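Work through the exercises below with the sequence and the model open. Each task is followed by a solution in steps.

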Amino acid sequence: MAAPVLLDAFGQPIRKVELKQEQGGVTTRGVRQPFGRHQAPNLTPAKLARILRSSIDGDPEAYLELAEDMEERDLHYAGVLSTRKRQVAGLEISVEAAGDDAESIADADMVREVVGRDSFQDELVDILDAIGKSFSATEIIWDTSEGQWMPSALKYRDPRWFTFDPIDGETLLLRGENGDEPLKPFGWIVHRAKVKSGLTIRGGLARAVAWTFLFKSFTTKDWAIFCEAYGQPLRLGKFGPDASPEDKAVLLNAVSAIGTDFAAIVPASMTVDFIHSEVSGSHELYEKRADWLDRQVSKLVLGQTSTTDAQKGSYAVGRVHDGVREDIERSDAQQLAATLNRDLVRPLVSLNRGPRKAYPKIKIGRPSEEDIEKLVKNVVSLVPLGLKVGMSTMRDKIGLPDPGKDEELLTPRRPPQTVTIEPEAKKPAAQAALSASADAVDRAVQDIIDDGWEPMMAPIVAGLEDELSAARSEQDAQAIIARRIETMGVNKLAEMLARSAFAARLAGEAGEDL
């Protein structure tokens, strides 16, 4: 019987021979160069508009170069973007088996081995580069040295090396020496950050931040010029009416030198005055504008400003937000988990264990606020009544891994049992005594019901009905019953019950009727 054909999530056939070779490395002809150009220098509104337009028209290289420049030059943007990526990459990762059978559990254990690698968190940060640039392409380097298919590394590839299919504008293509080529199935993790709806190239944060980056660069440049111009007093040189052109040149050189050398000489007939400009408060305009632009970036990237900008009461608010707003963090985590389940989990299980109807699932997020103790109590109470609960599901809920093959297992402790061995000759007599005792108890109870309960109970309940009828509330009735229980006479009832019990015991030991 022929082995089933492996297909990826999009129905494309898998060619294992091709997977053993890297596809996205640096090329010899320079189509995929490790160094790129810089777009940030001399950036103007017209230049930025051209860059953004070309990215939509099928040439995103300049836009991706600018996005990289922005992360290197704008410290605020670099900080908040790193916070968002690393907060999501640092969330708890769990793997849920597709079922409780041995095959499903083995599949999940294999995935846990991969996500448990020391380098996995840093690889997730690289994959999350898509948050800024709208997409990321990470090549899976497969290790088949021992007959298995295991990722030895997840290599980040420069987004400048990719473009999009000109027909649909969505299919990612790798720039190659012989033209753009499709990505090998089961060879890539392609993550698309859906920050906004529309084409993938328009979905990253860098597109919106580009304009604030441009305006902030103008502001900081003007601020630097202002500080340079007004940081020193005006140096005013004065010469007399008889000064020659040579004297004027000497004076000009002198006042110019004072600004850099802090020393100069001039003829005695000339003077140099220092005029201090009163510019108090005007320099704050640049700082306020730069801070305002930074706050807009914080709102876009983190969903809030309290953890990045010094504002009244921001410490307490910042502790609640914990860097990234909860809904943004959850969305990023769900998108990342979906990508990993499609592009990592499915290839890993299929290549090693064959295609499956259902695959394990990676889940990324903060631990739920579920009350584990209450969950366990409910399961213990409901399972005897027929509730079906999977063992692997419960282990995932309480955070316990599946036990190893040869691992010693915990078992419930059984209470010690005392066994009394009686001689065969005494067994009939003991059985007869037990039967007689039971009959005697039954008859004693019946005698109490038939003859004696009413006289004994009369003093206990006498007048109780009248007292209860006078109660005005439930609390009054409870108080009446409590007092009656404390004061009611039960001596006669206790005496009869004790006498009947003793008689039943004697009858049982003697093997006779009462």
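## The chain as a whole

Of the 514 residues in the chain, 36% are buried (under 20% relative accessible area with a 1.4 Å probe, protein chains only; exposed is over 50%, and partly exposed lies in between). The model is predicted, and local features need pLDDT of at least 70, side-chain atom pairs count only at pLDDT 80 or more, and totals for chains, interfaces and linings use all residues. Residues are numbered from 1 along each chain as its sequence is written, and side-chain values use heavy atoms, with hydrogens and water left out.

The chain holds 18 helices and 10 strands; these are DSSP runs (H or I of at least four residues for helices, E of at least two for strands), numbered from the N terminus. It exposes about 32,200 Å², and carbon and sulfur atoms supply 54% of that area (Shrake-Rupley method, 1.4 Å probe). Among contacts (heavy atoms within 4.5 Å) with a separation of 6 or more, 69% join residues 24 or more positions apart.

## Exercise 1

Task: state why Gln23 counts as buried, and find the polar partners of its side chain.

Step 1. Locate the residue: Gln23 sits in the loop between helix H1 (16-19) and helix H2 (45-56).

Step 2. Gln23 counts as buried because its relative accessibility is 11%.

Step 3. Look for polar contacts (pairs of N or O atoms within 3.5 Å; within protein, one must be able to donate a hydrogen and the other to accept it, and residues adjacent in sequence count only if both atoms are side-chain atoms). The Gln23 side chain makes one with the side chain of Glu181 at 3.0 Å. A polar atom of the Gln23 side chain also lies 2.9 Å from the backbone oxygen of Pro182.

Step 4. List the surroundings: not counting residues up to four places away in sequence, Gln23 touches residues including Arg32, Glu139, Leu174 and Trp188.

## Exercise 2

Task: determine which backbone nitrogens the side chain of Thr27 reaches.

Step 1. Thr27 also belongs to the loop between H1 and H2, and it is buried because its relative accessible area is 11%.

Step 2. A polar atom of the Thr27 side chain is 3.0 Å from the backbone nitrogen of Val31. The backbone nitrogen of Arg32 is reached at 2.9 Å.

Step 3. With neighbours within four places in sequence set aside, Thr27 is in contact with Arg32 and Glu177. Between Thr27 and Arg175 the C-alpha to C-alpha distance is 9.6 Å, for 148 residues of sequence separation.

## Exercise 3

Task: describe how helix H6 meets helix H12.

Step 1. The axes of H6 (residues 120-127) and H12 (residues 326-353) come within 12 Å and cross at roughly 105 degrees; axes are lines fitted to C-alpha atoms over the stretch in contact, with angles from 0 to 180 degrees between N-to-C directions.

Step 2. The two helices, H6 and H12, are therefore roughly perpendicular (65 to 115 degrees; under 35 is roughly parallel, over 145 roughly antiparallel, the rest oblique).

Step 3. Phe120, Leu124 and Ile127 of H6 meet Leu336, Leu340 and Leu344 of H12. These residues divide into six nonpolar, no polar and no charged (nonpolar: Ala, Val, Leu, Ile, Met, Phe, Trp, Tyr, Cys and Pro; charged: Asp, Glu, Lys and Arg; polar: the others, Gly among them).
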